[in-house]
Amino acid sequence: MSEPLPDSSDGDLYARMRAGDERALSELYDRHAERMYSLARSVCSDPADAEEAVADAFLRLWRAGDFDPDRGTVGTFLAVVTRSRALDRVRARKRRGRAEEKGAAQDPQGFAVEISAAGDPPERRVELAEKRGRIREALATLSDKQQAVIDLAYFGGMTHREIAEHLTEPLGTVKTRLRDGMQKLRDAFPLTRSAS
Amino acid sequence: MSTEQRWTDLAAAYVLGALDPEERSAFEARLEQDAELQAEVDAHRELVGVLSDAVPRHAPPAALKARILERARAEGHGGGARPIESAPSVRDAPPPASGDAGAAGPGGAARWTPWLAAAALVAALGTGYLAQRVDQQRDALAERLESVQAQLDDARASVAERDSLLATFLGPDVRTVALSATDQPPSARIFWNTATSTIIVAAFDLPPAPEGRTYQLWGIAEGGSPVSLGTFQTAADGTALVQRTVPAGTDFQIGAVTEEPTGGSPQPTSAPFLVGTWTDA
């Protein structure tokens, strides 16, 4: 075997995984699972739903049906799929459940940046703390109203229209707040995609 | 605002899933032919990924990893991964084949072998490509089915809600009160189904109560004090249609609406701005 897995980039691991190397999937899991599970838990109140959302995301990567390395990173793909699967599960539960459960995702706990986490690998602790510090600063530039709209969309999976109804605000105001808030966050990060 | 600007303005909402179904379809149609818009969407996807670091941390259960690896193993290495996996093995095929061809002599099979190898390569790539396409289509269909199911469920829930409203309106023992202000708008009408102890409030031209305040509905019996029939809030367009349950066996002659602190008050703290007298419907 060539280089040891922990030194490989996510892209290399993905290539190995596609070549049938299960250890590459295992290593990708170790790198991303805590972040994905935390994300799923902030969308789903039920831990079992959160676990399924995470499993769906990793298995979708394993099947590699629609991941395109030219269009984004493994981490982005996993986060986008995990969030979307978690929201699907919350919606399915609401459809099956009673009306009072409908409130569950409407008051999301929102973003809360913990600068360090127990699961952070020691060698990446400083880098992760710095990254999370930047996210916290970026979120602090949002107005309370912008943040509320982004919370409802990101964690509650609500559409513009649903947010407008929930907050009893005009639709146009909600659209503007979401757009401007997300733009502020984008400006705060030197994203690799926006450079291209 | 230019048209391009309008589309890029929607990119964040598209990635977050905040567009209405019609808006989303239009956006996706545009996306297929607009590389710049696609780059914008990719950038917002990356932001959604970055923000996943900004949530309270939870360690995943230890058993989750084993479960995922087991499922991956059970599915087998394959699905969309096949094209890359199968292609190199076919590409490796020609050398031994041409060796065999050499043994068979210069004519006949020898001239065919490269063609066969090429055909096999094309077929293998095609199969892989098809497998990937089928996978993508299966995923897309599953998602579409889920979304149609969701719409159907929503439609059923909405019909059930309307049926329940209609039943309240159409019962044999329905009383109604038209509430109006001294000057023209706002106005409200209350339907009270005494058999089911249900009331429906329909309000018009009533701006939403300010933050920290709500509207409260009262029933007043002759010579008695006002009894709360619940609170309600109006939408941005000044309308409300809400259903409330009233205590069974109560009887009122007058209906009224006041503005109260959020959560409502045990007794009105302000003069009613909408008042009316109950009549049988």
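The model is predicted.

From the N terminus, the order of elements reads α-α-α-α-α-α-α-α-α. The chain has 196 residues, and 43% of them count as buried. Contacts between residues at least 6 apart in sequence were also examined in chain A; 57% of these join residues at least 24 apart.

The contact between the chains draws 68 residues from chain A and 54 residues from chain B. On the side of chain A that touches chain B, two or more residues come from each of H2, H3 (47-63), H4 (74-96), H5 (125-140), H6 (144-154), H7 (160-167), H8 (171-188) and H9 (192-195). H2(A) provides the largest share, twelve residues. By residue class, this side of chain A comprises 30 nonpolar, 16 polar and 22 charged residues.

The largest nonpolar core holds 72 residues. Those touching the most other members are A:Met36, A:Ala40, A:Val54, A:Leu61, A:Ala153 and A:Leu178. Helix H2 (residues 22-43) of chain A gives the most to this core, with ten residues. A second, separate core has 20 residues, including B:Trp192, B:Leu217, B:Val246 and B:Val257.

A:Val54 has contacts in both chains. Neighbours within four places in sequence are left aside here. In chain A, its partners are A:Ala33, A:Met36, A:Tyr37, A:Ala40 and A:Thr82. In chain B, A:Val54 contacts B:Pro60 and B:Leu64. Two of these partners, A:Met36 and A:Ala40, are also listed with A:Val54 among the core residues that touch the most other members.

Key:
Residues are numbered from 1 along each chain as its sequence is written. Chains are lettered from A and ligands numbered from 1 in the order in which they are written. This is a predicted model: local features need pLDDT of at least 70, side-chain atom pairs count only at pLDDT 80 or more; totals for chains, interfaces and linings use all residues. A nonpolar core is a set of buried Ala, Val, Leu, Ile, Met, Phe, Trp, Tyr and Cys residues joined through C-beta atoms within 7 Å. A residue is buried if 20 or more other C-beta atoms lie within 10 Å of its own, exposed if 12 or fewer, and partly exposed in between; C-beta atoms are placed from the backbone. Helices (H or I, at least four residues) and strands (E, at least two) are DSSP runs, numbered from the N terminus. Two residues are in contact if their C-beta atoms, placed from the backbone, lie within 7 Å. Ala, Val, Leu, Ile, Met, Phe, Trp, Tyr, Cys and Pro count as nonpolar, Asp, Glu, Lys and Arg as charged, and the others, Gly among them, as polar.
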